[in-house]
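Here are some questions and answers to read alongside the structure.

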Amino acid sequence: MAITYYEQERLFELRTRRTSYLFGVNGKGTLQHAYWGEQVEAAECAGLLKGRHHSSFDADIDRETEEFGGWGGSHYAEPGLKATFADGVRDLKLGYRGYAITGDDALAIELQDTHYKLLVRVHYKVIEEHDIIERRVTIENRESAPVRIEQAMAAVWAVSGRQRYRMTHVAERWAGEFQLRSAMLTEGKKTIESRRGFTGPHANPWFAIDDGEASETHGDVWFGALGWSGNWKIVAELSAFGHVRVVGGVHDFDGAFSLAPGDAYESPVFVGGYTLRGFGEMSRLLHRYERAHVLPTGELRKVLYNSWEATEFDVRAEEQLELARRAAALGVERFVVDDGWFGARNSDRAGLGDWQVNRDKFPEGLETLIGEVKSLGMEFGLWVEPESVNPDSDLFRRHPEWIYRFPTREGTQLRNQYSLNLGLPEVKDFVLGFMTELLTSYDIKFIKWDMNRTITEPGADDPGMPIWLAHVSHLYEIWAELRTRFPGVEFETCAGGGARIDLGILRYADQAWISDNTDARDRLAIQEGFSYAYSPAVMMCWVTGSPSGLGGRSLPLSYRFHSAMMGGLGIGADIGGWTDTEMEEARGFVAMYQSIRHIVLQGDYYRLAPLGRSNLAAYQYVTEDRSESVAFVFLHAQHFGGEERRIRLEGLQPDAAYEVTANDGEPTALHGSTLMRAGYPIMLRGDYDSWLLRLRRL
Ligand code: DGJ
């Protein structure tokens with residue numbers, strides 16, 4: 001039983017395979033957090049709910065941690081909820097009213113203001129096997145007048161009992177997404193957020209807290225990830241009394257809304273988890289959870305070719321067909337035509353919004369190319385960017401009122417485009433309409449859905465729902481509807497790279513484009529950061545040209561393939577210019593990938609040697625039954641001559657023998673115990689040398 005209520009103690013226990021999560025009703029009748037960590041005897045922890053008086057300057061509530069509370073009374077911490085009632089009262093007192101357990105794994109706690117009929121349900125779902133708890137809240141207005149909601153967070157997580165706390169998260173920017181950051185928390189707040197209308201490349205709604213000592217393999221790590229693809233915030237607040245609260249949900253900035261009588265608001269899901277086994281196990285728990293509970297299907301990623309870096313906007317039927325022939329010869333399974341196939345789209349200055357095939361570029365329409373691609377044994381995929389419009393487009397000329405902007409302002413153009421107000425029902429219908437027509441008219445099996453600008457100057461609010469909420473809600477509804485109408489089509493989430501990846505969109509997306517930076521060395525850093533929160537099952541990578549278009553770095557084809565084989569393999573180079581030798585080598589890598597992708601995409605992932613700790617980086621994947629494994633090893637900046645290094649593998653069966661093959665070398669047989677303790681000898685030579693180790697249990 002994952003959920004127990006200890007009636008005498010008024011204590012709830014959510015128990016997963018390895019953890020206990022405790023909270024209860026305290027003497028004041030409010031919901032208070034008690035404990036989160038390794039399993040304990042719950043009933044013996046009831047004392048944790050006792051009030052702790054300190055002084056009149058530090059009310060009890062500062063010393064305790066409420067499980068979910070509102071701004072009211074002497075509560076000064078970041079609130080879960082802030083509301084104003086119709087009579088101007090801005091004080092919440094959420095009292096406990098009862099609970100309901102549904103099935104084995106779901107619990108809802110009912111709270112209500114002691115005077116006003118504002119009902120808050122705090123929902124929990126216990127994902128026992130992955131040591132994860134899903135949380136969300138629903139808020140229902142049972143008053144006869146509207147209630148203004150100024151902040152409604154999805155969850156308040158509490159971590160306590162340590163001397164110090166460190167917060168880890170990801171940061172940076174376009175082409176440098178998912179860069180890992182760690183800093184000790186001091187008293188006060190650390191906020192990570194997006195106010196740009198989408199998840200954002202500068203931060204991502206995932207966090208981890210440890211005491212500063214946790215490593216890849218050891219130590220307590222508490223972690224969480226929010227499933228929301230619009231404005232969000234996660235606030236980690238260290239109190240003067242030594243506990244951390246992590247509050248997260250849809251951003252309150254410019255986000256207040258009016259909840260009409262009888263209406264309800266539902267927050268996104270904020271998942272949290274705990275492990276005693278360091279950051280590596282944290283990632284594996286999240287990855288397994290995502291594969292089992294978030295992603296729409298368990299399908300393996302197809303090897304794709306995308307012509308964007310080869311042709312940019314100059315997509316023409318003949319050239320695309322030539323690329324398709326070359327791609328098919330490499331063993332590619334899906335051919336994707338990127339930006340430039342529609343309207344007057346010859347650059348980023350025009351055409352966006354006009355989703356009709358450009359007849360100059362495709363005189364016979366898309367049908368002929370699709371037919372050829374299919375006869376080459378590949379699926380056909382197409383790029384779209386439905387939420388934006390160029391001012392130089394028929395759509396904008398017809399509907400200038402469909403974009404976000406304030407009436408007295410011109411509106412900011414980014415990449416020469418405006419954002420469409422997807423919150424408007426007519427815009428939602430337009431997007432759903434043209435996407436339905438595209439997917440009905442053509443045999444398209446894959447959509448890359450891009451968004452190349454942030455939302456700015458959001459215009460007048462609908463009194464009921466702020467645009468920030470409406471945009472994302474409609475986006476999710478469109479994706480859900482398209483998936484229902486076209487069950488055979490797969491979708492990729494892309495936002496000028498990795499700016500819209502989170503557990504919200506991943507409920508609808510089969511794969512994610514994590515960065516426009518396709519330099520294979522930079523990509524390792526981006527992929528590594530991504531892997532802290534998200535599974536390689538959705539992580540798309542491309543092999544592109546050398547020198548790289550972005551940074552000018554030259555890298556061998558083997559390094560580029562090895563880096564790109566660590567998730568879903570894509571090829572984006574101008575393969576028309578590849579020599580026969582390169583084609584032959586690439587064909588070998590694609591075939592190798594096809595034989596190992598089930599391990600990469602569905603296996604457990606280990607950061608054996610993360611970047612930056614030495615000139616070697618190594619990552620390993622192991623199937624759940626531990627019978628197969630692969631490891632990618634990269635050497636950077638060779639110095640002082642070559643030397644044999646040993647890399648210690650993980651996740652294998654110690655007493656089983658494995659056949660180990662490095663690149664195309666001769667296989668050797670070694671036991672799991674040897675490989676994990678004494679390690680495997682690595683002999684890489686020269687800058688950007690790399691190895692693929694393949695292991696099969698004998
Ligand atoms: C940004 C994407 O990330 C690229 O891969 C490409 O699709 C361009 N947009 C096209 O405009």
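Q: Which residues does the domain assignment of the protein give to domain 3?
A: In this predicted model, the domain assignment gives domain 1 as 3-294 and domain 2 as 304-599. The remaining range in that assignment, domain 3, is 608-697.

Q: How many residues from domain 3 take part in its contact with domain 2?
A: The centres of domain 2 and domain 3, taken over C-alpha atoms, are separated by 34 Å. Their contact draws 20 residues from domain 2, and from domain 3 the number is 19 residues.

Q: Which residues have the most contacts inside the largest nonpolar core?
A: Nonpolar side chains tend to be buried together in soluble globular proteins. The largest nonpolar core here has 187 residues, and apart from it lies another core of 24 residues, Leu-635 and Ile-682 among them. Within the largest core, the residues with the most contacts are Trp-341, Phe-561 and Trp-578.

Q: How many charged residues are in the shell around the ligand?
A: The ligand is surrounded by 13 residues, and the closest are Asp-338, Asp-339, Lys-448, Asp-450 and Asp-516. By class, the shell has four nonpolar and three polar residues, and the number of charged residues is six.

Q: What share of the area that the ligand exposes when taken alone does the protein bury?
A: Polar side-chain atoms lie 3.1 Å from a ligand oxygen atom in the case of Trp-383 and 3.4 Å in the case of Trp-513, while an N or O atom in the side chain of Arg-415 is 2.9 Å from a ligand oxygen atom. Taken alone, the ligand exposes 290 Å², and the share of this that the protein buries is 98%.

Technical notes
Residues numbered from 1 in each chain as written. Predicted model: local features only at pLDDT ≥ 70, side-chain atom pairs only at ≥ 80, totals over all residues. Heavy atoms only, no water. Near = heavy atom within 4 Å. Polar contact = N/O pair within 3.5 Å; in protein donor to acceptor, adjacent residues only side chain to side chain. Areas by Shrake-Rupley, 256 points an atom, 1.4 Å probe, with all protein chains shown as cover. Nonpolar A, V, L, I, M, F, W, Y, C, P; charged D, E, K, R; others polar. Core = buried A, V, L, I, M, F, W, Y, C linked by side-chain atoms within 4.5 Å. Buried < 20%, exposed > 50% of the residue type's maximum accessible area, 1.4 Å probe, protein only. Domains from an automatic or database assignment. Contact = heavy atoms within 4.5 Å.
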